[in-house]
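Good morning, and thank you for joining.

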Amino acid sequence: MIIQQIRNATVKIRYSNITFLIDPWFQDQGTGFSAKAVKPEMQGIKCPINALPDTPESILKDVDYCLVTHLHFDHFCLDYLPKDLRIIAQDQEDAGKISQMGFQNVSAFESESLNIGDITIHKTKAIHGDSEEVVKKMGEVCGYVFEAPGEKRLYLAADTIYCSEVEQTIRQYQPEVIILNCCEATTPIGRLIMNLSDVEKVCKEAPQAMVIASHLDSVNHALLTRKDIKEFADKKGLSAIRVPEDGECITV
């Protein structure tokens, strides 16, 4: 497989000869939302705070399917997406909302698994926050596990904290590659996704896996940067962690 970090949680995955675009956010730099940040110096800064590494047209080239974990602004945005793009949403509710945006080729998970060619994609549980209040506000989110003959198992954890649901997914599927959203995005009501402690727990629970750090250096309510992840990995001896730059490809 080839995993290309695009920006934020947007990644492009070539898996068993099919190319998936995950959670596309092609919005122009500084033209989107500004989250309620806990760092005073980040308040009022509009996202995305970084530019795309390439043109939307180049990124979209050869994409077979767009897979969406949830519909937050930094995970699915209308900008530059062709209306005939084949989109797969986490459920019928999200599929309906995407269709209402004018997209013509939208489907959803009808069960916990979906087959595309020789690939099986399993929908997994994600907990988008560190308290009931945060989870209720953030809404329903899922992750995905990819399996195919001749490919390593890939777990895309999506927007989640480390929790029993993530632990169970790792134990059930024994993924060999894991993509984590780990910028520790935090607002005044609480933490939304993984922090350094969570990343370390994933590495310990899945010692066989390469762990790819994503969702970094793009939103104003993040508390962690790529530099923070790299320094933490070095300090803790977590050699399995990869921290790709925007546009960088990792071949597994």
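Which residue is the bridge partner of Leu 21 in strand 4? The partner is Cys 66. This is a predicted model, in which local features need pLDDT of at least 70, side-chain atom pairs count only at pLDDT 80 or more, and totals for chains, interfaces and linings use all residues. Residues are numbered from 1 along each chain as its sequence is written, and side-chain values use heavy atoms, with hydrogens and water left out.

Strands (E, at least two residues) and helices (H or I, at least four) are DSSP runs, numbered from the N terminus. Two strands pair if DSSP finds at least two bridges between them. Strand 3, residues 18–22, runs parallel to strand 4 (residues 65–67), with three bridges, and antiparallel to strand 2 (residues 10–15), with five bridges. Opposite Phe 20 of strand 3 stands Ile 13. In the hairpin of strands 2 and 3, Ser 16 takes a positive phi near 50 degrees.

Buried means under 20% relative accessible area and exposed over 50%, with a 1.4 Å probe and protein chains only. On one side of strand 3, Ile 18, Phe 20 and Ile 22 are buried, as are Thr 19 and Leu 21 on the other.

I turn now to helix 6. In this helix, residues 226–236, the buried residues are Arg 226, Ile 229, Phe 232 and Ala 233. Down the helix axis, these buried residues fall within an arc of 130 degrees (taken from the directions from the axis to the C-beta atoms), so they line one face of the helix. The face turned away carries the exposed residues Lys 227, Asp 234 and Lys 235.
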